[in-house]
Number of protein chains: 2
Amino acid sequence: MTAIKMLRLDSAAVDFDKQLQARLAWDASDDLEIHKRVLDIIADVKKRGDKALLEYTNRFDGTAFKTAAELELDRAALQQAWDTLPSTQAIALQTAADRVRAYAEHQKLQSWQFTEIDGTVLGQKVTALDKAGLYVPGGKAAYPSSVLMNAIPAKVAGVGELIMVVPTPRGETNALVLAAAHVAGVDRVFTIGGAQAVAALAYGTESIPAVDKIVGPGNIYVATAKKLVFGQVGIDMIAGPSEILIICDGQTNPDWIAMDMFSQAEHDENAQAILISDDAAFLNQVEASINKLLPEMERAEIIRASLTGRGAFIKVANLSEAAQVANRIAPEHLELSVAEPEALCAQIHNAGAIFMGRFTAEALGDYCAGPNHVLPTSSTARYSSPLGVYDFQKRSSLINCSAVGAQNLGKIASVLARGESLTAHARSAEFRI
Amino acid sequence: MTAIKMLRLDSAAVDFDKQLQARLAWDASDDLEIHKRVLDIIADVKKRGDKALLEYTNRFDGTAFKTAAELELDRAALQQAWDTLPSTQAIALQTAADRVRAYAEHQKLQSWQFTEIDGTVLGQKVTALDKAGLYVPGGKAAYPSSVLMNAIPAKVAGVGELIMVVPTPRGETNALVLAAAHVAGVDRVFTIGGAQAVAALAYGTESIPAVDKIVGPGNIYVATAKKLVFGQVGIDMIAGPSEILIICDGQTNPDWIAMDMFSQAEHDENAQAILISDDAAFLNQVEASINKLLPEMERAEIIRASLTGRGAFIKVANLSEAAQVANRIAPEHLELSVAEPEALCAQIHNAGAIFMGRFTAEALGDYCAGPNHVLPTSSTARYSSPLGVYDFQKRSSLINCSAVGAQNLGKIASVLARGESLTAHARSAEFRI
């Protein structure tokens, strides 16, 4: 096996910006053929409802459902999956769920209002979505942790009904996924997947209720379908490949850092793991650890492809410069493996989740630390946030004018409306003066 | 002039749902030709920068800029627009800005963190966007109120640099718009518009800084460009036609209600004004007011087209039923013109802004009440919120594990990671135990 040589960048190089940009570049352009096929499926499910949904499900998932009623999974099946789980896994799942829930409770937005001196009341009313849909992939990519991370914030927000869809290829279900749905408090589960499941949730069929928002990961068909139904319903982000950026001062065990890089790289050949350090010798040590540990890994070939194709080591002059580079990258996961993580964290303003200190492995955040593992990728942390309770809440502005308030405000509105030549606006305000 | 006959629906009709759905339907499907032209402009500006931007600007806006430097409007021009404004308008603009700012301050999200018993710290860090772009239409659709509503939340959030673009067709500027930019604290103004301005803000050129998010209204080219650059930058919502839904118990002056409907209808022939009442006689009175007041209106033809094409009167059995219909419609603006608006408001959970009581004309909210006038349209209030300070802030999750915390969490993460066959995740956690 040939040794991995990590791509080395140096922030002192004149073309550093350009080189970094080239390494970060990720082409997420749409495949027009997939786009067209997904459009057809959506139109068909919208038009023919359950009939189309059944046909696509049986065709794509190799199932033999005869009626739409068979698509709903009994709640007893979830209970049973939970009851038969080995106790180590049950305890781990329950503990993770409890921690995710406790953290999510802090995110809950509250309504507020205030009264002005003339009696006018202004405020903001916060309500939960009526119905939300949760997409869970079937087969190999079925992650129980993903069920917890998507479902629990919705339940904490107070969503009226949380509906999960999960395909069952050749009838095969995943007991851990169903147990996670049970623990998270999912209300209904349908064994459907693909673009047809997204279409059913967006428009509703005779059997599947239409929801207000669809969240959760999926393959290219699911992601394309989510983009195409956006507007009819809300959606969460469309995730790119997973990323980790580690800033290390050279004092952490290099094996730990290598394994943290592996933990992203093992997801996918396109995953991106980058290490920044002000210590060139440390970068060599981590490279040695990578080559020492790689042969032990089950997903060694995926890790190798990810590290050689998209990984990088970046040498900087000091940690402040490291923070600047991190803000430019705006990574999904950022580890601050340094002596004083709080001081460095104060310089960070673009990152999905920040893992502070040598003991905080990113993997803890994937499962059970509490914060959500659904995070903005591909530099979108510049303007977006982790999935949270707030994604299942919405705000309505409240205005309740007193008679005196309507006079005061009416005069101002009248002047501004006439300045915009909107006479009906002006007169509507003037009527109350 | 023929009298307006409003479409009448009755919630007791067997096909009420279907009839309502038909009246609400709004086809926002993309025009493929526009899509293609906008894609070309974006690609060209991305590739050729200022050169392309200058060419498109001169071609589409009828201007004769020779260098990109001429595209930036001097801050002195904003100051001058403000200084020369008639005092009535200046006072109205300043008062509106102060009220919008005061309300926005209540929306500001704060960072938080808490420490667990084993010393592990969890939290959420809130930061402002580095740079935001504000699109302001030129010519007739240039609304100073829109500058205030988009710019002030960004400034309250603490956005580092707020960059406004506004086209100047044939060199024509709008003094009220520039004065509003001055009052709102916009940092830089460029006299560009259309898809080329959106592309410049998204990708940056030699002269125009790339931003993290683009907000503000625009024509179909601007809206299409915003959709196409989404991902590269964040965007606000893509607005559909404006809507008002009024629930009235029959005791408000029918002239007031008619004029409130006009104040939406005058925006656009596709705007939608709907009145719900439990009092059939009152619906007749409002229809009489509509026909009495219409001839006095400057935009009578637009109002007529809107009311006859998309307006409706809905008769319900009681106000609770009215609230249910309102939740189904999820209107942009909702007026509760009833004796006890608080009680009715408690039943509303889908609406962009709620105007409570007979004195609260919707027009007050458009200009100066305080809450934002950028609101979710086309039923998207089911899952989205008014534009606010939170749209210019983002969250990063914080995790800082103590040595003991890393042990406790590492064991759970290890079990769950192995359940998902992600061994590197498991080992990364186990290293810290």
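Which residue in β15(B) does Ile354(A) stand opposite? Let's find out in the first view, after two notes on reading the legends. This is a predicted model, in which local features need pLDDT of at least 70 and side-chain atom pairs count only at pLDDT 80 or more, while totals for chains, interfaces and linings use all residues. Residues are numbered from 1 along each chain as its sequence is written, chains are lettered from A and ligands numbered from 1 in the order in which they are written, and side-chain values use heavy atoms, with hydrogens and water left out.

**View 1. Strand β14 of chain A pairs with strand β15 of chain B.** The residue opposite Ile354(A) is Leu398(B) in β15(B). Strand β14 (residues 353-356) of chain A and strand β15 (residues 393-400) of chain B run parallel and are joined by three bridges. Strands count as paired if DSSP finds at least two bridges between them. Helices (H or I, at least four residues) and strands (E, at least two) are DSSP runs, numbered from the N terminus. As a reminder, strands of a sheet pair through backbone hydrogen bonds, either parallel or antiparallel.

**View 2. Chain A meets chain B.** Here 109 residues of chain A are in contact (heavy atoms within 4.5 Å) with 109 residues of chain B. The two chains bury about 9,700 Å² between them, and 59% of it is on carbon and sulfur atoms. Buried area is the accessible area (1.4 Å probe) that two parts lose on being put together, summed over both. Across this interface, 68 residue pairs are in polar contact, with both residues at pLDDT 80 or more. A polar contact is a pair of N or O atoms within 3.5 Å; within protein, one must be able to donate a hydrogen and the other to accept it, and residues adjacent in sequence count only if both atoms are side-chain atoms. On the side of chain A that touches chain B, helix α16 (residues 403-419) of chain A gives the largest share, ten residues. That side divides into 56 nonpolar, 32 polar and 21 charged residues. Ala, Val, Leu, Ile, Met, Phe, Trp, Tyr, Cys and Pro count as nonpolar, Asp, Glu, Lys and Arg as charged, and the others, Gly among them, as polar.

**View 3. Salt bridges occur between the chains and within chain A.** A salt bridge is a side-chain nitrogen of Lys or Arg within 4 Å of a carboxyl oxygen of Asp or Glu. The count between chain A and chain B is eight. One of these joins Asp212(B) to Arg382(A), with the closest N and O atoms 2.8 Å apart. Over all chains, the structure holds 37 salt bridges. Among them is the pair Arg8(A) and Glu287(A), at 3.3 Å from N to O. Arg8(A) lies in strand β1 (residues 8-10) of chain A and Glu287(A) in helix α11 (residues 280-293) of chain A, so this pair ties together parts that are 279 residues apart in sequence.

**View 4. Chain A holds an open sheet of six strands.** The strand order is β2-β7-β6-β5-β8-β9, and the pairing is mixed. At the edges are β2 (72-73) and β9 (234-235) of chain A, each pairing on one side only. Strand β8 (residues 213-215) of chain A runs parallel to β9(A), with two bridges joining them. Look for Lys213(A), whose bridge partner in β9(A) is Gly234(A).

**View 5. UniProt lists Tyr135(A), Gln196(A) and Asn219(A) under "binding site".** The listing comes from an unreviewed entry; UniProt positions are given in the numbering used here, feature names are shortened, and annotations may be inferred rather than shown by experiment. These residues span 85 residues in sequence, yet no two of their C-alpha atoms are more than 12.8 Å apart, so they gather at one spot. Tyr135(A) is found in strand β5 (residues 131-135) of chain A.
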